[in-house]
Amino acid sequence: MKKDILLIGIILLCVQAVFTQPDLHSSHKKIEKDTDKIYENLVKIRRDLHQFPETAKNEKRTSKIIQKYLLELGLEVKTDIGGYGVVGILKGNKKGRKIAWRADMDAIRFQANDRFSFKSQNKGIAHMCGHDVHTAIGLGIANVLVKQKESLQGTIYFIFQPAEETFTGAKAMLEDGLLELIKPDEIYGLHITPFETGVITTKPNELFAYQKTVVLKFKPNANADELKSSVKKIFRELSRNKKNSKPWELQKMTNREVGLLSPNTAYKDYLFFEPNVRVTRDENSTILKVGLYETNRKRLKSIPQKIKAKINRTRHRESLISVNYAQGRPTVINDRKLTEKALGTLKKIYSDKSIKKLHGQTPYFNEDFIYFQKKIPGVLFFFGGSNVKKNLFAMPHSPDFAVDEEAIRLGVKQFSSLVMERAKSN
């Protein structure tokens, strides 16, 4: 009898839990409505930032705009972290995890082919990497989640980072005590890419190719032209890529057959060297420098030895002094479990149409988001900003770089949902 009563009690509790459990999509429908309400204002902010871009370590005006916006939302705000870094802190009314969202905010020195009415007013400086859009999306997520505060679990940190373009901002914020002010369990961020507007993609582990600079030192009397010709031949012999693929051609990143979203991508399992070999001299040596891009970390260590071995089989062996890497930058490495969980969360809430699997590693680009990832498990997303119908192609650092502003609406909506769900996870 007691067992029967206990069983009935358990069944009743389960039934009650089912009927009292909030609809997963109800809060996200509210997020969508709230995003639509603030979208036009976010576009105005983005265009203002686009008109008055500031380079790394000079983001004074940008940081003031961010600080004012976050304070008006009622967030606790910390400023001047690692330069002009700003952090907004939103505490939900319920217990949960601590989630950080990072947005970079600096521009670059670039003479852009800006065809819009809100083009840069600061000569020779432009937002050609989309950080103005990143900032607008970060502010939008903060705005939307403030409106969810009553039901929001955990604490959300909004990190607005300076000096990403010089690969110094994230490190500077950490060295300036960022993690003494906040204690995130996880960190997320995005970067605009030339995929179709609203497409979200990423992958576990390395997001970019490893980038190294090889430094070859020869005796000072060595013939530079002959050396360049010889080492270029060696680089061609050591290069590796899939048959008929050219991973150094970024224009095919979005190609359906061989792009990053294709299982048959050309941007997988490759090694190539930059065509430009730079030559300098000092009183002790002739120095050749060249950049390389390798997708496999395990192969990196042996490359200088392989170059040296090949040179030793040429007539330049007597003049060779050394082959080494210059001090390089680390590459973004997404936490495997978090990547799978994050993509799964987004697919659960939104259609699979906008959530894509990334199959390769991007050459040339990199991100100092890795410095956060070294301290906190994190994921960086690629986020589409191109619109062929509008003639907008969001390839960072290209002369005609332009972002479809609809990406702001989609980014705020989708990533607000992600952050909120991750904050309530166990």
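The legends below describe close-up views of a predicted model. In this predicted model, local features need pLDDT of at least 70 and side-chain atom pairs count only at pLDDT 80 or more, whereas totals for chains, interfaces and linings use all residues. Residues are numbered from 1 along each chain as its sequence is written, and side-chain values use heavy atoms, with hydrogens and water left out.

**View A. Packing of helix 2 against helix 12.** Helix 2 (residues 26-51) packs on helix 12 (residues 406-423) at an angle of about 135°, their axes being 8 Å apart; helices (H or I, at least four residues) and strands (E, at least two) are DSSP runs numbered from the N terminus. Axes are lines fitted to C-alpha atoms, for helices over the stretch in contact, and angles run from 0 to 180 degrees between N-to-C directions. Helix 2 is therefore oblique to helix 12, given that angles under 35 degrees count as roughly parallel, over 145 as roughly antiparallel, 65 to 115 as roughly perpendicular and the rest as oblique. Residues of helix 2 that include Ile 31, Tyr 39, Leu 42 and Arg 46 meet residues of helix 12, among them Ile 408, Val 412 and Met 420, where contact means heavy atoms within 4.5 Å. By class, this contact of helix 2 with helix 12 has seven nonpolar, five polar and seven charged residues; Ala, Val, Leu, Ile, Met, Phe, Trp, Tyr, Cys and Pro count as nonpolar, Asp, Glu, Lys and Arg as charged, and the others, Gly among them, as polar.

**View B. Packing of helix 2 against helix 3.** The axes of helix 2 and helix 3 (residues 60-72) cross at roughly 160° and come within 11 Å, so the two helices are roughly antiparallel to each other. From helix 2, Asn 41, Leu 42, Ile 45, Asp 48 and Leu 49 meet Arg 61, Thr 62, Ile 65 and Tyr 69 of helix 3. The residues of this contact divide into five nonpolar, two polar and two charged.

**View C. The largest pocket.** The largest pocket holds about 710 Å³ of space; on a 1 Å grid over the protein atoms alone, a pocket is an open set of points with protein on both sides within 12 Å along at least five of seven lines, a cavity is a set of points where a 1.4 Å probe fits but cannot get out, and lining residues have an atom within 4 Å of a point. Grid points are joined across faces, edges and corners, and a volume is the space filled by probe spheres set on the points. Of the 25 residues that line the largest pocket, Phe 195, Glu 196, Thr 197, Val 199 and Lys 356 lie nearest its centre. Strand 7 (186-196) and helix 12 each supply at least two residues of this lining, which by class has 10 nonpolar, nine polar and six charged residues.

**View D. The largest cavity.** One cavity of 30 Å³ or more is counted, and about 50 Å³ of space lies in the largest cavity. Its lining consists of Arg 46, His 50, Asp 114, Phe 116, Phe 118, Phe 401, Ala 402 and Val 403, with five nonpolar, one polar and two charged residues by class.

**View E. The surroundings of Lys 310.** Lys 310 lies in helix 9 (residues 303-311) and, leaving aside its neighbours within four places in sequence, is in contact with Ile 234, Glu 237 and Leu 238. The C-alpha atoms of Lys 310 and Leu 238 are separated by 9.7 Å, although the two residues are 72 residues apart along the chain.
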